[in-house]
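Let's take a friendly walk through a protein chain together. Please have a look at the sequence and the model first, and then read on.

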Amino acid sequence: MKKFLSLIGVCMAMACTNSSTNIFLQEWDTPYGTAPFSKITTDQYLPAFKAGIEEEKANIAAIIACPDAPTFENTILAYEKASPILDRVEGVFFNLSESDSTPEMQAIEAEVLPLLTEAENEILMNPDLFARVKAVYESSESLTREQQMVTKKIYQAFERGGVGLDEAGKKRFAEISTRLSTLSQQFGQNLLAENNAFKEATGLTV
């Protein structure tokens, strides 16, 4: 039932964003899977971020609800593939926002970063998901070297993401990480503005 309700949430989110026109909600039939920049418009970003977060939540819920014993395929690999929409939109948006941002994109960034941080905290502090990751990590002798490295990386991300804290600690950790993401975003925008002002005044680029 939990998985079913999560999937309903994803379907509703994608319906509201009109997947027929939002390029981030579609598979990219392009050479090497490159972004089709000519089809991307600024108004597609925020709906895609929100749909991507809902998709990721549903896929994470499915991993947790899996009745089979944790394996690399049904836990680690499934976790790595849990957010295809976010992978697409983040790969485009944040590269552009750091190199060729606009006031509209800066406003989207200010709105979306807390949402992404909250979603990441929710995942990395989930004890049920961590239990599955830990089970794979502790029995990783049979995995390939590459699989061991990926598993270790994810396991450490959970440990460093506050999964071992008590509830008060998790709440405080989430507050700090959200504040840091906001400050980092503000610093990046201020730095870009200063570089642009310097270029306009001198004709030189930093």
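## A buried valine and its surroundings

Val136 counts as buried because its relative accessibility is 4%; buried means under 20% relative accessible area, exposed over 50%, and partly exposed in between, with a 1.4 Å probe and protein chains only. This is a predicted model, in which local features need pLDDT of at least 70, side-chain atom pairs count only at pLDDT 80 or more, and totals for chains, interfaces and linings use all residues. Residues are numbered from 1 along each chain as its sequence is written, and side-chain values use heavy atoms, with hydrogens and water left out.

Where does Val136 lie? Its place is in helix α6. Helices are DSSP runs of H or I with at least four residues, strands are runs of E with at least two, and both are numbered from the N terminus. Not counting residues up to four places away in sequence, Val136 touches Pro70, Thr71, Phe72, Thr75, Ile76, Leu143 and Thr151; a contact means heavy atoms within 4.5 Å. One of these partners, Pro70, is 66 residues from Val136 in sequence, while their C-alpha atoms are 6.2 Å apart in space.

## The whole chain

Now step back. The chain has eight helices and zero strands, and its elements run α-α-α-α-α-α-α-α from the N terminus on. It has 206 residues, and 37% of them count as buried. Of the contacts between residues at least 6 apart in sequence, 72% join residues at least 24 apart. The accessible surface comes to about 12500 Å², and carbon and sulfur atoms account for 56% of this; such areas come from the Shrake-Rupley method with a 1.4 Å probe.

## Helix α6 and two partners

Two packed helices are described by the angle between their axes and the distance between the axes. The axes here are lines fitted to C-alpha atoms over the stretch in contact, and angles run from 0 to 180 degrees between N-to-C directions.

| Helix pair | Axes come within | Crossing angle |
|---|---|---|
| α6 (residues 127-138) and α7 (residues 145-160) | 10 Å | roughly 140 degrees |
| α3 (residues 72-80) and α6 | 9 Å | roughly 115 degrees |

The crossing of α3 and α6 is left-handed, a word used if the near helix is turned anticlockwise from the far one by less than a right angle (right-handed if clockwise). On the α3 side the contact is made by Phe72, Asn74, Thr75, Ile76 and Tyr79, and on the α6 side by Leu129, Arg132, Val133 and Val136. By class, these are six nonpolar, two polar and one charged residues. Ala, Val, Leu, Ile, Met, Phe, Trp, Tyr, Cys and Pro count as nonpolar, Asp, Glu, Lys and Arg as charged, and the others, Gly among them, as polar.

Helix α6 also passes α7 in a left-handed crossing. Residues of α6 in this contact include Leu129, Phe130 and Val136, and among those of α7 are Thr151, Ile154 and Phe158. The contact has eight nonpolar, one polar and three charged residues.

Is Gln185 buried or exposed? With 7% relative accessibility, Gln185 counts as buried. Gln185 sits in helix α8 (residues 167-202) and, leaving aside neighbours within four places in sequence, is in contact with Gln106, Glu109, Ala110 and Leu113.

Tyr32 lies in the loop between α1 (2-16) and α2 (45-65). Tyr32 counts as exposed because its relative accessibility is 86%. Its phi is near 60 degrees, a positive value in a residue other than glycine.
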